[in-house]
Amino acid sequence: MTAAAWLGDLVRAVAAETPPGREPDPALVRQIERLLGIEHGTPPVVEDAAPPPPEPQPLPPPEEHVRTRMPEAEETGRRFGDFEQPPSYRTEQDPMVGLKVSWDDEGEPDRPWLPVPDLPVLSPEQLLRRPPHEPLLRRASTSAVVQALFSRRMPDTEVDVPALVEQLASARAVSELPRLAHPTLRFGAHVLMDRSEGMSLFWRDQQALVGVVNSVIGASLTEVSVLSGSPRRMQRGHRHPAPDRAVLVLAGFGIRRGRAEQEVWEPYVRWLRRRRCRVVALVPFPRDRWPGWLTSLMPVVSWDRVTTVGAVRAALGRTS
């Protein structure tokens with residue numbers, strides 16, 4: 001307790017024993033001073049005063065370091081914690097005393113910073129270059145899918161013996177030997193390619209697929225007609241599919257914008273069938289968005305990564 005606290009207690013005690021409006025009695029004041037231990041002429045004893053701080057010791061020069069090692073440093077060489085530090089870091093007043101330093105600032109003072117490699121500078125030609133294209137169909141199965149889309153089963157030179165036996169057993173006259181049917185591509189292919197705005201996302205896929213059709217069937221047996229959303233808007237100079245040709249329609253049928261020209265596609269597909277053309281559509285939209293009139297009009301195949309030869313044959317059915 002300090003002298004200020006004692007004087008405060010003296011004032012409070014004298015005020016408590018003196019009636020209001022009267023001067024304090026000197027004898028009462030001296031009696032309370034003796035009870036509180038206040039002696040005149042001698043300073044009060046301060047018991048809780050802290051000892052004066054020790055004088056700071058001068059720091060050694062920076063080059064005078066103490067090298068400390070871990071106990072096993074002599075056997076295994078330099079390890080974690082093997083570093084040099086000024087001795088001032090080891091004093092008791094240091095708040096970091098007892099902690100290990102995980103870096104060595106003075107191990108390699110002359111080591112330069114590694115430069116950051118510069119990013120490659122792209123030329124205007126590289127910026128304008130089209131990104132690599134990954135087609136909708138798998139590259140490994142595109143040729144097989146194209147063959148399944150355009151091949152037609154036609155009678156060949158080999159005699160169908162089971163059919164001939166059945167015909168003779170039923171006592172029917174044999175005017176012509178039945179032949180076994182085999183898939184063939186000799187009738188060629190005709191591609192109707194929709195280049196409208198609704199199919200703009202798939203223009204590169206159309207061009208890539210036409211290139212595969214040319215390589216599989218042959219450029220002399222492949223024809224391409226470009227239309228803009230509808231058979232009524234054919235490109236100038238186009239040719240209608242020849243009779244017996246397999247026709248592949250690469251169109252969106254208005255699915256993206258919801259404007260399907262059903263009244264135009266139905267008579268056109270019927271006209272192609274009168275020319276003995278087999279028509280199939282390759283649509284790059286989900287199956288749940290296909291309109292009902294489209295699936296009833298012609299076989300429709302999903303144009304996607306999951307499309308396989310089996311899916312094409314299942315869509316074509318007996319017409320394949």
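Predicted model: local features only at pLDDT ≥ 70, side-chain atom pairs only at ≥ 80, totals over all residues.
A residue is called buried when its relative accessible area is under 20%, exposed when that value is over 50%, and partly exposed in between. Arg-276, for instance, has a relative accessibility of 49% and therefore counts as partly exposed.

## The chain as a whole

The protein chain contains 10 helices and nine strands. Of its 320 residues, 31% count as buried. The chain exposes about 22,400 Å², and carbon and sulfur atoms supply 56% of that area. When contacts between residues at least 6 apart in sequence are considered, 66% of them join residues that are at least 24 apart.

## The open sheet

In which order do the strands of the open sheet follow one another? Five strands take part, in the order β6-β5-β7-β8-β9, and the pairing is parallel. The edge strands are β6 and β9, the latter covering residues 300-302, and each of these two pairs on one side only. On average, neighbouring strands of this sheet are turned by 20 degrees against each other, if direction is ignored. Strands of a sheet pair through backbone hydrogen bonds, in either a parallel or an antiparallel manner.

Strand β5, which spans residues 189-194, has partners that can be followed residue by residue. With β7 it pairs in the parallel sense over five bridges, and in this pairing His-190 stands opposite Val-247 of β7. With β6, strand β5 also runs parallel, and here six bridges join the two; Leu-192 stands opposite Ser-225 in β6. Although β6 is an edge strand, five of its six residues are buried, so this strand is largely enclosed by the rest of the structure.

## The nonpolar core

The largest nonpolar core has 50 residues, and those that touch the most other members are Leu-149, Phe-150, Val-249, Phe-253, Trp-265, Val-283 and Met-298. Two of these phenylalanines can be looked at separately.

Which residues does Phe-150 contact, leaving aside its neighbours within four places in sequence? Its contacts include Ala-189, His-190 and Val-191, and they also include Ala-246 and Leu-248. Further along the chain, Phe-150 is in contact with Val-213, Ile-217 and Arg-278 as well.

Phe-253 lies in the loop between β7 and α8. Its relative accessibility is 3%, so Phe-253 counts as buried. Its backbone has a positive phi of about 55 degrees, although Phe-253 is not a glycine.

## Salt bridges

How many salt bridges does the model contain? The count comes to six, and the table lists three of them with the separation between nitrogen and oxygen.

| Pair | N to O distance |
|---|---|
| Asp-9 and Arg-12 | 2.4 Å |
| Arg-139 and Glu-134 | 3.8 Å |
| Arg-276 and Asp-244 | 2.8 Å |

Asp-9 and Arg-12 both belong to helix α1, which covers residues 3-17, and being three residues apart there they are separated by about one helical turn. Asp-9 is partly exposed, with a relative accessible area of 24%, whereas Arg-12 is exposed at 55%.

The pair of Arg-139 and Glu-134 belongs to a network of salt bridges that also links Arg-305. Arg-139 is exposed, with a relative accessible area of 54%, while Glu-134 is partly exposed at 48%.

Arg-276 and Asp-244 meet in a salt bridge that links distant parts of the chain, since Arg-276 sits in the loop between α8 (262-274) and β8 (278-283), and Asp-244 sits in the loop between β6 (222-227) and β7 (246-250), 32 residues apart. Asp-244 is partly exposed, with a relative accessible area of 21%, and Arg-276 is likewise partly exposed, at 49%. Arg-276 also has a positive phi of about 60 degrees, although it is not a glycine.

Notes: Residues numbered from 1 in each chain as written. Heavy atoms only, no water. Salt bridge = Lys/Arg side-chain N within 4 Å of Asp/Glu carboxyl O. Helix = DSSP H or I, 4+ residues; strand = E, 2+ residues; numbered from the N terminus. Buried < 20%, exposed > 50% of the residue type's maximum accessible area, 1.4 Å probe, protein only. Core = buried A, V, L, I, M, F, W, Y, C linked by side-chain atoms within 4.5 Å. Contact = heavy atoms within 4.5 Å. Pairing = 2+ DSSP bridges. Axes fitted to C-alpha atoms, helices over the stretch in contact; angles between N-to-C directions. Areas by Shrake-Rupley, 256 points an atom, 1.4 Å probe, with all protein chains shown as cover.
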